[in-house]
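Hi,

Here is the structure I promised to pass on. Have a look at it first, then read my notes below.

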Amino acid sequence: MQAWSRARLGDLAAAVPVAGEAAKFAQETGQPFMYGLATAVQAEIAALRGDHGQARALADEAERVALPAGARPVLATVQLTRGLAALSEGRFHDAFAALNRVLDPADPAYQLALRAYFLAELTDAAVRAGRTDTMRDILRELEPHAASTSSPALHIGLRYARAVLAPDAEAEELFTVALRADLTGWPAERGRLQLAFGEWLRRRRRAAESRAHLRTARETFDALGMAAWGERARRELRSAGESSPNRAPDAREKLTPHELNIAQLAAEGLTNREIGQRLYLSHRTVGTHLHRIFPKLGVSSRADLARMLKSLEDRSSP
C-alpha cells in the first residue's frame, strides 16, 4: 500500500525499493494477491518512467497472478498501467479503453474506490480520443461525492477535469482556481495542471504565456523521474518555440530496486551487518552489492553516498 500511494503521488524514487521489497516478501511468504499488487505497482512505476517494455511485462505478470483469484485492486492497477503507457505513446483510444475498464461494473478490473486517483489521466485520454461526452457523464456521477468528502485526490482530479473540459470562456479561470488550491504533497498533480494549462494556452496562440507553465511542468516531471510526462512537456515547449535540454537520468535510476534499498540504508548510517539483518542477507553479500553500487553512482564512500542521495531527495521534494 505504501508503494501504491507513493507511485500515485509521483514519489517514484521512494516507491521503487518499497515495491521491490514488497514483491519479494510476498513471493517468499506465498501471498499471491500481495505479490500481484506489488508487481502491478512496479509496472505503474515503469510506465511513469517511460519504460513501456518493462511496464507491459510486469503488468502481464501481475494480471497472470490476479485473474484466477479475481483480485480487483491488482487488475485495476494493471489497467491503470496500460492506460498510462498508451497515453504517453499517443494511443489515446487504447488509453481511454484501459482506464475506463476500472469504472465498468461488468469488468474484472472494476474497482470503484480507485476512480478518484486517475481522473487527470482519464480526462486526457477522453479528450484526445474524442470521448468528452462520456467523460462529462463520468464527472456528473462524481460531482455529488465532492460535497460529502474532503478527499484531496477526488477534489484535485475534479478541478483538473473541469478545467480541461470547460469551454474557452471558462477554462482559464478554472485552471487558475485549480493551481491556487493547496497541492502540498502533490507535486505530480501540480505538474499535470501546469502542463495542461500550458497546452491550452499554446493552442490558443498564447505561446509566450504557455512557456512558463510548460517549463515548470518539465522541471517537475524531470525531478520526479516521470520521464514520459517530461517528454510530453518537452514536445509542447518545442511547439511553443523553446528547445529543452535532454533529461539527465537520476542517479537512482541506475540501480535496481534491491540496490537502491541497500544504498538508502547505507546512507542512513547502517553497517553492512545491520543492513544484512534488515534484509536477511549476509554482511558479505551487502558488501558485494555496495561494491557494485558505488561505481554506478560515481561515489567512493558512504559519506559521498549519503550526500548524493540527500541532494537528489531535496531536488525532487515539493
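**What I found**

Helix 5 is largely enclosed by the rest of the structure, because 13 of its 17 residues are buried (buried means under 20% relative accessible area, exposed over 50%, partly exposed in between, with a 1.4 Å probe and protein chains only). Helices here are DSSP runs of H or I with at least four residues, numbered from the N terminus.

Before going on: this is a predicted model, where local features need pLDDT of at least 70 and side-chain atom pairs count only at pLDDT 80 or more, while totals for chains, interfaces and linings use all residues. Residues are numbered from 1 along each chain as its sequence is written, and side-chain values use heavy atoms, leaving out hydrogens and water.

Back to helix 5: it covers residues 72–88 and reaches 24 Å from its first C-alpha to its last, close to the 24 Å expected at 1.5 Å a residue (that is 1.5 Å times one less than the number of residues). Just after helix 5, G90 has a positive phi of about 80°.

Next, how do helix 15 and helix 16 pack? Helix 15 (residues 272–279) meets helix 16 (residues 283–297) at about 105°, with the axes 8 Å apart (axes are lines fitted to C-alpha atoms over the stretch in contact, and angles run from 0 to 180 degrees between N-to-C directions). That makes the pair roughly perpendicular, a label for 65 to 115 degrees.

Last one: R205 sits in the loop between helix 11 (187–203) and helix 12 (207–224). R205 isn't a glycine, yet its phi is positive, near 60°. At 80% relative accessibility, R205 counts as exposed.

Cheers

Definitions and conventions: Helices (H or I, at least four residues) and strands (E, at least two) are DSSP runs, numbered from the N terminus. Angles under 35 degrees count as roughly parallel, over 145 as roughly antiparallel, 65 to 115 as roughly perpendicular and the rest as oblique.
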